[in-house]
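Please read them alongside the structure.

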Amino acid sequence: MKTEDISEVKALLSAPKKIVIIPHRNPDGDAIGSTLGLMHYLKQYNHKVTVVAPNDYPHFRKWIPGESSIVKFDTQHEISEELINNADILFTLDFNALHRAGHDMGTFLGHSNALKIMIDHHQAPDDYAKYMYSDVTMSSTCEMVYNFIEMLGDTDKITADIATCIYVGIMTDTGSFRFRST
């Protein structure tokens, strides 16, 4: 992310906003960890933040701090659409193209007037976000969320819940620190 983009995002986040954070369809540990870690961080600035997942995910991810607050687009369609329609900002995490949220949700996100910010480590991202933090050398989107918080000068805001969420995604996407991206 360019320095001027960071300055603009920091200014954008300086006053409370309605923010929706979206992971990809069938979210894995990195998708859930990154969205919840970012949610915990943004709530410290009094933003009204909701994670809206395209669909449910396995039970073994339900312990992650903040997980019980996640809204599921496929089963809670009306509230999901209302949150997205009223959002000032949409963060999309751990995916590089809107269709990765699923056809219905991806189309709906594409029609949203909210400002879009993408944080992702996958190759060849689509050009749908005003601000893109895209880096294929990163081990995980959770690592990028940590770097994003660091770029904003807020590492002192990292709580145990944020650290837990970030750790989950890094562990997931590095195969417990075995993959080359570690």
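1. E1 and E2 pair in the parallel sense, with four bridges between them. Two strands count as paired if DSSP finds at least two bridges between them. Strands (E, at least two residues) and helices (H or I, at least four) are DSSP runs numbered from the N terminus. Within this pair, lysine 18 stands opposite lysine 48 in E2. The model is predicted: local features need pLDDT of at least 70 and side-chain atom pairs count only at pLDDT 80 or more, while totals for chains, interfaces and linings use all residues. Residues are numbered from 1 along each chain as its sequence is written, and side-chain values use heavy atoms, with hydrogens and water left out.

2. Isoleucine 19 stands opposite isoleucine 89 in E4. Four of the five residues of E1 are buried, so the strand is mostly covered; buried means under 20% relative accessible area, exposed over 50%, and partly exposed in between (1.4 Å probe, protein chains only).

3. What is the order of the strands in the open sheet? The six strands run E3-E2-E1-E4-E5-E6, with parallel pairing. The edge strands are E3 and E6 (131–134), each of which pairs on one side only. E2 and E3 pair over two bridges, in the parallel sense, and alanine 53 stands opposite lysine 72 in E3.

4. Glutamate 67 is in the loop between strand E2 (48–53) and strand E3 (71–72). Is this residue buried or exposed? Glutamate 67 counts as buried because its relative accessibility is 7%. Its side chain makes a polar contact of 2.6 Å with that of tyrosine 57. A polar contact is a pair of N or O atoms within 3.5 Å; within protein, one must be able to donate a hydrogen and the other to accept it, and residues adjacent in sequence count only if both atoms are side-chain atoms. Beyond four places in sequence, the contacts of glutamate 67 (heavy atoms within 4.5 Å) include Leu36, Arg61 and Lys72.

5. Glycine 102 lies in the loop between E4 and helix H4 (103–111). With a relative accessible area of 12%, glycine 102 is buried. Not counting residues up to four places away in sequence, glycine 102 touches Arg25 and Thr107.
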